Amino acid sequence: MPLRPKSSVALDIGSHAIKVVEIVNKAGEVHLLNYGVETLPPDSIVDSEVMDRQLVTETIQNLFEKRGIKNRRVVSAVAGRGVIVKRIRMEKAEGEEAAEAIRIEAENHVPYDMEEVSLDFQILNPDVSPRDMEVLLVAAKRERISDHAQLLREAGLTPIAIDLHAFAIQNALEWNHDINPEEVLALINIGAEMTNIHIIRDNNPLYTQDASTGGHDFIRGVQKAFQCTREEAMDALRGGKDSSGMKLDTLVEEFCAELSNTLEKSLLYLQTSTEDVERIHRVFLSGGGALIRGLSETLNRMQDASVEIVDPFKRIRCASEIFAGSDPKGFAPQLTVGVGLALRRGQGQ
């Protein structure tokens, strides 16, 4: 009797909701086995810090029980506070000397004591010039990683890998969408408290930034403008049937203008540090905020680039019954991190 392929389970812990995705790789095809989303009460997680640990662990446990997910070995991710992704240029080194040279050079770019961080790197271009190489530095405070792993253990899970949100989103995009390797892409993940901007070309990260604004700012803005409840504001942002009288154009335009300004600054930075980056060709939106009514259309008008919403299930086989009659387009973008994490792990099985 042939062995049943092992599933890959990813857990994305956000400040607004906890998302789980379970996939399996069968004969080179990826199948969605299960998914779930459980909303957290406001202020359960603030600025990436868990404020109510028991509530969060119980929410994770309930989510696994409710969805019937038996595999408790999970891959998860962190972003924001204590996480640094930076592309640097440094003098060439090879072999074992490279690792030591990169660690020494990292001290000039990481604003923490090196004893307090977990450091990883990838040599992107060993011959960027006759004397230099280009390296991607990834650093995260050990305390942040260990605390995240401990939270998973307290929920009865076994963490097998902890990645970064930006890389998970990139993985989900590259798996599901056709990408021209010569184009510069901006991946914008709009979460509840944070918006992550990750600029890539030919699978290589060029620039990564976390901005401290997100869906919660929209919700508060709608509540203030229309004197409505939080639930009414959230419904308005998603284009609910009772929200037709709420004009969100100004709020959306202000947020998109801020995003556009951030993209322009990142492009200017790249142009001063990388000779051949002329423009951003395509913008991909993900996260729950990508579904805000009118946001993608407004940003598209402001950008000299096409703006699309990531479809994390585009090339993943999904049985129709798994969505229980719901249209996945209404919630799929908020599962992008989870899908990317599960794919990342699943590819290595």
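1. In S13, tyrosine 207 is the bridge partner of isoleucine 199. The model under discussion is a predicted one, and the points below should be read with that in mind.

2. The pairing to which this bridge belongs joins S12 to strand S13 (residues 204-211), with the two running in the antiparallel sense over seven bridges. Two residues separate S12 and S13, which form a hairpin, and in its turn aspartate 202 has a positive phi of about 50°.

3. S12 also pairs with strand S11 (residues 184-190), again in the antiparallel sense and over seven bridges. Here too the two strands form a hairpin, with four residues between S11 and S12, and isoleucine 190 stands opposite threonine 195 of S12.

4. How many of the residues of strand S12 (residues 195-201) are buried? Seven of its seven residues are, and the strand is accordingly described as mostly covered. In a regular strand the side chains alternate between the two faces of the sheet. For S12, one side carries Thr195, Ile197, Ile199 and Arg201, the other carries Asn196, His198 and Ile200, and all of these are buried, leaving both faces of the strand covered.

5. The UniProt record, in an unreviewed entry, lists residues 8-173 as "domain: SHS2". In the model this span is 30% helix and 43% strand, and its end C-alpha atoms lie 18 Å apart.

6. Arginine 67 lies in helix H1, which covers residues 53-67. Leaving aside residues up to four places away in sequence, arginine 67 touches Asn34, Tyr35, Gly36 and Ile322. Between arginine 67 and isoleucine 23 the separation is 44 residues in sequence and 13 Å in space, taken from C-alpha to C-alpha.

7. A search of the whole structure for disulfides finds zero. Cysteine 256 is accordingly in no disulfide, and the nearest cysteine sulfur, which belongs to cysteine 228, is 20 Å away. Cysteine 256 counts as buried because its relative accessibility is 0%, whereas cysteine 318 is partly exposed, having a relative accessible area of 26%.

Note on methods:
Residues are numbered from 1 along each chain as its sequence is written. This is a predicted model: local features need pLDDT of at least 70, side-chain atom pairs count only at pLDDT 80 or more; totals for chains, interfaces and linings use all residues. Side-chain values use heavy atoms; hydrogens and water are left out. UniProt positions are given in the numbering used here, feature names are shortened, and annotations may be inferred rather than shown by experiment. Contact means heavy atoms within 4.5 Å. A disulfide is a pair of cysteine sulfur atoms within 2.5 Å. Buried means under 20% relative accessible area, exposed over 50%, partly exposed in between (1.4 Å probe, protein chains only). Two strands pair if DSSP finds at least two bridges between them.
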